[in-house]
Amino acid sequence: MANVRISYHTCPLCEATCGLEIRSRGREVTGIRGDADDVFSRGFICPKAYALKELDADPDRLRTPLIRRDGALAPATWDEAFAEIDARLTPILREHGRDALAVYLGNPSAHSLALSIYNQVFLRALGSKNMYSASTVDQMPKQVAVGLMFGTALSTPVPDLDRTDYLLILGANPFVSNGSLMTAPDAPGRIGAIRQRGGTVVVTDPCRTRTAAEATEHHFIRPGTDALFLFGIVHTLFAERLVRLGRLAAHTAGVEQVQSLARDFAPETVAARCGIGADVIRRLARELARAERAAVYARIGTCTQAFGTLASWLVDVINVLTGHLDQPGGAMFTRPGAGSPHTRGTPGRGKGVRFGRRHSRVRQLPEVYGELPCACLAEEIETPGAGQVRALITIAGNPVLSTPNGARLERALERLDFMVSLDIYLNETTRHADVILPGLSPLEQSHCDVLLRQLAIRNVVTYSPPVFDPPPGQQPEWQTLLRLTGIVTCQGWAADVTALDDFVTLQRVQQEVSAPASPIYGRDPEDILAALAPRRGPERQIDLLLRTGPYGDAFGGKPGGLTLAALEAQPHGIDLGPLEPRIPEVLRTPSGKIELAPEPLMADVARLRGQLVQPTDGLVMIGRRDLRSNNSWMHNLPALMKGKPRCTMLIHPADAARVRVADGEVARVSSRAGTLDVPVEVTDTIMPGVVSIPHGWGHGLPGVQLRIAGAQAGVNSNLLADELALDPLSGNAVLCGIPVQVERAA
Ligand code: SF4
């Protein structure tokens, strides 16, 4: 019998990036627990991590490519699959141009080292404007706001949880989500510790979530009104002379414009619309201003709404005006080991961000960071004419369940000339594909979190080798993406992956040595490539990132600096220390200042003013998170599906009485986009006037191979989400505050 082996691996399932200790015997996982020596998570894990064992062994997980033959998906070899893609995709690109192929990246793309690096290689090679991702149903408003204020899409201040005394949380439930745009293993413990050391945690949310229940105080807020509430705080800060920029004063532009705009949003003006009293708004403003160490943090509920970018902007306006931005215990910028757009280029100055360089064909929606809103994908497929999307590649995504009006998108997918999916499951979206290329188990892949550690509350870097070798003949995802790259660059389905990877690496090295701000500027590319040898694939890329990053060895230029080899010798990670003040060095705006009043945001405030006179009657729908769900893709794991069904609609007792539905009955919920029937849970944890249905459900459709998920299918809440309702600045879908009608199902 094989010996028990112990491996250490960073959990790739959510943004918390906890360290795992994985025991295995042969190819079987025998146990998973938190890695007590992990420098960041110190042994913390959540129930999802245990389910990695089931995910790894899931009999429904795809392990061989599938090709549609005579209407049915059938197993095929890798060569057959790539030859099929080449034969069907290349003529489409040749005849209709590169925009005829759209790409959708799902959320797990951001949690995979291979995908996060090689997706970009593939997308650059393709050059289609039809690029879509889960970002426009999630966090794009925050990325737009911070890009305009600080200069890059990832210039996101994160709350310094371990040192703050006062935390105002809006629209986030880190006790359940484990944190988002805030990488913090054991977020519940860290937030709980704020109260234990005498601090204050305030939560505003339309639902009394677990985080709200654990807070010092919770206030219901009407969905979609966070920007009004935050403007009420900004108004108070100016009106009561509480603005203290401190050392930020020399680095901040636009304070007067913000002051001028805030005049229209007195707490008494916004209170009725938000559902939070003017006295509370004023008190919170004073408490924030007077706290020595305080931060405002907001997440999904403030992003997935019609004023998502304004709300995201106002969060950091308050952090600046109270002098808490870039201060220990406030909202700070990470300095990650593998670098970030805000550690590269010229410190303290940059190109800033530009949007709208291209527009969608049908609705003329602007691109943001190279992406179009995923809410317009269906119409781009449906609408005939030059530039029509005729083919689609989905990568680790399930947009039928994750994006607005999933029913319309499903109908559109049926009209495609060709569809490819790179995925581990035959799910509600990939069932429409003509070719499915299976991904690997997370335990068969190395991991180094290049993206999420850019948002960490501490500077930490970790590398994990694969726990298991991939099965013989299985294609690693980075090689799959390079083979797709070979196809879209007309090199054929059998293009030499090694040569392609060498070419990609050479390009990256040449960029580095020709960038004046790079630590290897002017060096001979051949020397750098020789130092990276014999590594290939993601390991070679991550070594390059680490060595040219802020702590890197600069290929001998900074002896003792960070390398992948040094990281491999530290399986529990390397702690690079607490966050430190970085302004002005972190800024990449053209002015070199914090732009507190960017023009696109200023112009959008008039739309917000119009919101003040909107009626507040009628029911609106929001989503919700569950600790054991991870969007749509972990419902096939028995350990996470135990217990009572959780795809229910929460409704307040007063509303339930008014629409005559009782606890346990089934309600019919309708919106402009669709109708569904869902079991009812009557509870006073939800605000009157609001109902909540979680997203990521609606399994059990024909052709899907998710047997456990199908047995507790739930309903697809995105059938109700309106693909026409967007935050105009970011293109983010409105998923929080969808107007609905509710009645008892017949
Ligand atoms: S909190 Fe997230 S990263 Fe940590 S164990 Fe759970 S799923 Fe994994």
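Okay, charges to begin with: the protein chain has 77 positive and 79 negative ones, and their mean positions sit 3 Å apart. Keep in mind that what you're looking at is a predicted model.

Now the overall build. We've got 25 helices and 28 strands in the protein chain. If you want the dimensions, the C-alpha atoms fill a box of roughly 70 × 65 × 60 Å along the principal axes.

What about the inside? Of the 746 residues, 64% are buried. And if you take the contacts with a separation of 6 or more, 74% of them are between residues 24 or more positions apart.

Where does Ser-340 lie? It's in the loop between strand 14, residues 331-332, and helix 15, residues 377-382. So, is Ser-340 buried or exposed? Its relative accessible area is 1%, and the cut-off for buried is under 20%, so Ser-340 counts as buried.

Who does it touch, then? Leaving aside neighbours within four places in sequence, Ser-340 is in contact with Leu-154 and Gln-454. With Gln-454 there's a polar contact as well, side chain to side chain, at 2.8 Å. So that's a loop residue that is buried, with its side chain paired to the side chain of Gln-454.

Definitions and conventions: Residues are numbered from 1 along each chain as its sequence is written. This is a predicted model: local features need pLDDT of at least 70, side-chain atom pairs count only at pLDDT 80 or more; totals for chains, interfaces and linings use all residues. Side-chain values use heavy atoms; hydrogens and water are left out. Helices (H or I, at least four residues) and strands (E, at least two) are DSSP runs, numbered from the N terminus. Buried means under 20% relative accessible area, exposed over 50%, partly exposed in between (1.4 Å probe, protein chains only). Contact means heavy atoms within 4.5 Å. Lys and Arg count as positive and Asp and Glu as negative; His and the chain ends are not counted. The place of a charge is taken as NZ of Lys, CZ of Arg, CG of Asp or CD of Glu. A polar contact is a pair of N or O atoms within 3.5 Å; within protein, one must be able to donate a hydrogen and the other to accept it, and residues adjacent in sequence count only if both atoms are side-chain atoms.
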